[in-house]
Each structure stands twice: as structure tokens, then as C-alpha cells.
Amino acid sequence: MTGTDQGPEAQQHGGPVCRPAGLPQNDPRLYELLADQWWQPRGAFAMLHWLAAARGDLVPPATRPGAVLLDLGCGAGLLAPHVRAKGYRHVGVDLSHSALLQAGDHGVTAVRGDVLAVPLADGVADVVVAGEILEHVADLPAAVAEACRVLRPGGSLVLDTLAATAVCRVVAIGIAERVPGLAPPGVHDPALLVDRSRLVRECARHGVRLALRGIRPSVTGLLAWLSGRADDVAMVPTRSTAVLFQGRGVKAHPERG
């Protein structure tokens, strides 16, 4: 990895991953530099596997043949194993070429594109999933508008992201980015964390009444993972949405308001 003292090999064995010198926070090039880490159970993106499982639990089974699940910011397709049996054609949109190649290897129809300008038609998806992507975009209203535009009336929006709070900045950036596997250093820009009220309002503007709930890693599971006794961690609900939260809603039919 250019500009660091620790390469991907160190992360595979639980060692630290350093942000390459000069690479800004939230720089998409980080995903290319860590491309071989996506499917490592104890690699740089380990927590994304846990979140993908929790996200998949919110996806309802398909209700018609040919139903489409659109995965915005799909990365290497980590959601795929958790929705494979639900009856969808899984389409993923991402900017990372290397991640999309891996997503294709896991059954995802890969589309290179920006979540701020999704290169797909209106109402194409029965389910739109936006997992761990909204805290990376500079224009939250545009991202929400696109997610809702490509969702058909009656379809489900499922998301998870990080809250714009002081406690989130401490926990998700100050602490998590120092623990290998929870978040690569520099992956988040605190200025882009998501205002929950604004997110709910933006979804409502586009006909989706979004319900939020907090989630966190299981304490016993996390301790087992940190000690090397487990390769994954269950995410569990929590009352607070002040750090990590999920959202789920259904797009209203125009005639129903």
C-alpha cells in the first residue's frame, strides 16, 4: 500500500491499517488500495460484513417474479449472501471498479455509477438498499432523491448510516478507526455524518416515511471477535440512534399520498 508502513497482509492477521500519506478523509481511492480486504472476515472491512447481515434482515422477500433489489454503494457485494434466497435480481451500483468486479463474482449485476446520479430508470427497483453510503456523500438530499426515484411505489427503502452527533464522532471515528476491522483510518469525514431529522424529512419529501432504530455490535460477540475467538459479530437493536442506525420505509403510491 503506497505511503504506509503496513500493507494489506498485516490487516489479514489483525495488524493495523494506516491511511496512505496525503490521502484525504473519505477519499474513494482508499477502497482501491484495500481492494483485497473486502471478503477477509477479519480484514479492514470486517464490520461491514456484520452490518450487511443486519441490513439483509430488513429486506422483505420478493413478492413477484423478476423483482429487483438495487444496492446503492454496494462495494464488493457483501449483502449478496444475506439476500440470495429472497428472490431478487441483485443489482449493485458503486464507483469502485475493483469492488464491482468482486460483487459480480458473488452474483451481483454490477453497474458503475454515482449514487448522486444513479444510471437507472425511475421506479426500477422493488427494494432500494443504501448501506453505509449516506455518510460518504456530499449532497444528502440528492442521494435521498435518487434512492427514492429509482424505487417503485410500494417498494421498500432500507438503509444504515452514522449519525451527526458528538458521540458518533468519538465512537465511530475517534475509536473505531483505531481498531483494525471496525473502520479503516480516514474512511469517514465527520462533516458528512447524517443528520437524522434531515434524513427523515428528505425521505418524506419523496413519499417514504422512514422509521429509524439504533443498532450496535453485541458486546459478547465483539469481545469474542477482539480476542480472536469469532470471525463475525451479531448486530443488535439499541434505543439510541445517536451513533449507528438503520432506517426502513415504504414508498407511498401517488394516489394514496
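Is Arg-205 buried or exposed? Arg-205 comes out exposed, since its relative accessible area is 60% (exposed is over 50%, buried under 20%, partly exposed in between, with a 1.4 Å probe and protein chains only). The model here is a predicted one, so local features need pLDDT of at least 70 and side-chain atom pairs count only at pLDDT 80 or more, while totals for chains, interfaces and linings use all residues. Residues are numbered from 1 along each chain as its sequence is written, and side-chain values use heavy atoms, with hydrogens and water left out.

Back to Arg-205: its side chain meets that of Glu-202 in a salt bridge, 2.8 Å from N to O (a side-chain nitrogen of Lys or Arg within 4 Å of a carboxyl oxygen of Asp or Glu). Both residues sit in helix H8, three residues apart, or about one turn of the helix (helices are DSSP runs of H or I with at least four residues, strands are E runs with at least two, and numbering starts from the N terminus). Glu-202 counts as buried because its relative accessibility is 11%. The salt-bridge count comes to eight. Another of them joins Asp-27 and Arg-29 at 2.7 Å, N to O; Asp-27 is buried at 12% relative accessibility, whereas Arg-29 is partly exposed at 49%. There is also a salt-bridge network that links Arg-64, Asp-126 and Arg-152.

Helix H6 (residues 140–149) gets a closer look. Seven of its 10 residues are buried, so H6 is largely enclosed by the rest of the structure. The buried residues of H6 pack against strands E1 (68–72), E4 (125–131) and E5 (151–162), plus helix H8 (196–205). Glu-146, buried at 14% relative accessibility, pairs up with Arg-149 in a salt bridge whose closest N and O atoms are 2.7 Å apart. Arg-149 counts as partly exposed, at 23%. Setting aside neighbours within four places in sequence, Glu-146 is in contact with Val-115, Leu-116, Ala-117 and Val-118 (contact means heavy atoms within 4.5 Å).

Cys-148 is also in H6 and, at 1% relative accessibility, counts as buried. Not counting residues up to four places away in sequence, Cys-148 touches His-206, Val-208 and Lys-251. Cys-148 and Lys-251 are 103 residues apart in sequence, yet their C-alpha atoms are 7.5 Å apart in space.

On to the rings. A search of the whole structure turns up four aromatic pairs (rings of Phe, Tyr and Trp, the last by its six-membered ring, with centres within 6.5 Å; planes under 30 degrees apart are stacked, over 60 edge-to-face, the rest tilted). Tyr-31 and Trp-38 have ring centres 5.9 Å apart and planes at 15°, so this pair is stacked. Trp-50 and Trp-225 instead form an edge-to-face pair, at 5.0 Å centre to centre and 80° between the planes. Trp-50 belongs to helix H3 (residues 46–58) and Trp-225 to helix H9 (residues 219–226), so the pair ties together parts that are 175 residues apart in sequence. Both of these Trp residues are buried. Ring pairs also link Tyr-31, Trp-38 and Phe-45 into a cluster.
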